[in-house]
Amino acid sequence: MLSKEERDILIGSLLGDGCLRIIGKTKFPAFSVSHSEKQKDYVLWKYEKLKRFVRTPPWREERIYHRDRSRKTISWRFQTLTNEIFSDLYHMFYKNGTKIIPENIDLLLRKSPLALAVWLMDDGNKNHNAVFLNTQSFSFEEQEKLSQVLHDVYGFHVTVNSHSKSNGVQLYRIRIDTESTKKLKMIIKSFILPQFYYKIPNFSP
């Protein structure tokens, strides 16, 4: 059984950059994490929290751009073993192999400030005195649902703002307004890691 802390880290990561996948002919999913080199300590933190499910410690990975081989990206990553313990979250967050927002996302985020903090550490950035969550991978309708949940669960005033286009498709992301960002700081201040203080306007622990 997952602990409350483990489950909240997984939920926050799945709203952000983390993923669950069923590999090959295995029946159960594995959880994988990948962040940029400057977030190596964050990867190590997630690893320490989830290492009872991991056989191989985090590793450094270099990728060369196909069109410009002088360019490369460096990331740190790890992957858990496949485990039935992840199955319920997999079936909530995935449909036909595509990540979605679960129907019960309100229950998953309720009384889960750590999940909110991990989501922000994965995908948040400040904009003046407000905060954006980079939710562009989700549909507009899913982001509307997330916005309503953030309002209902935490009392945030949230909007879904247009961001950019990808292959002619309009992308959107979530904005938490200035007053709600003050509430956000109070909720997550005990959970956010020091290297991510810069993502919150005027943050002091």
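Me: Leaving aside its neighbours within four places in sequence, which residues is His35 in contact with?
Reply: The model is a predicted one, so what follows is computed from predicted positions. His35 is found in strand E2, which covers residues 29-36. When the neighbours within four places in sequence are left aside, the residues in contact with His35 are Asp17, Tyr42, Val43, Lys46, Ser75, Trp76 and Asp122.

Me: Is His35 buried or exposed?
Reply: A residue counts as buried when its relative accessible area is under 20%. For His35 the relative accessible area is 4%, and therefore His35 is buried.

Me: With the side chain of which residue does the side chain of His35 make a polar contact?
Reply: A polar contact asks for a pair of N or O atoms within 3.5 Å. The side chain of His35 has such a contact at 3.3 Å, and the partner is the side chain of Gln39.

Me: Which elements do the buried residues of H2 pack against?
Reply: Helix H2 spans residues 40-50, and its buried residues are Tyr42, Val43, Trp45, Lys46, Tyr47 and Leu50. Among these, Tyr42, Val43 and Lys46 are also in contact with His35, a residue of strand E2. The elements that the buried residues of H2 pack against are H1, strand E4 (72-79), helix H5 (113-123) and E2.

Me: Which side chain meets that of Lys46 in a salt bridge?
Reply: The protein is divided into domain 1, residues 4-96, and domain 2, residues 104-199. Across the interface of these two domains the rule finds 1 salt bridge. With a distance of 2.9 Å from N to O, the side chain that meets Lys46 in a salt bridge is that of Asp122.

Me: Which helix gives the largest share of the side of domain 1 that touches domain 2?
Reply: Across the interface there are 8 residue pairs in polar contact. On the side of domain 1 that touches domain 2, helix H1 (4-15), helix H2 (40-50) and helix H3 (87-93) each supply at least two residues. The largest share, 10 residues, comes from H1.

Me: What is the area buried between domain 1 and domain 2?
Reply: The C-alpha centres of the two domains lie 21 Å apart, and the contact takes 21 residues from domain 1 and 20 residues from domain 2. The size of an interface is often given as the accessible area lost when the parts come together. Carbon and sulfur atoms give 64% of the area buried between domain 1 and domain 2, which is about 1600 Å².

Key:
Residues numbered from 1 in each chain as written. Predicted model: local features only at pLDDT ≥ 70, side-chain atom pairs only at ≥ 80, totals over all residues. Heavy atoms only, no water. Helix = DSSP H or I, 4+ residues; strand = E, 2+ residues; numbered from the N terminus. Buried < 20%, exposed > 50% of the residue type's maximum accessible area, 1.4 Å probe, protein only. Polar contact = N/O pair within 3.5 Å; in protein donor to acceptor, adjacent residues only side chain to side chain. Contact = heavy atoms within 4.5 Å. Domains from an automatic or database assignment. Buried area = accessible area lost by both parts, 1.4 Å probe. Salt bridge = Lys/Arg side-chain N within 4 Å of Asp/Glu carboxyl O.
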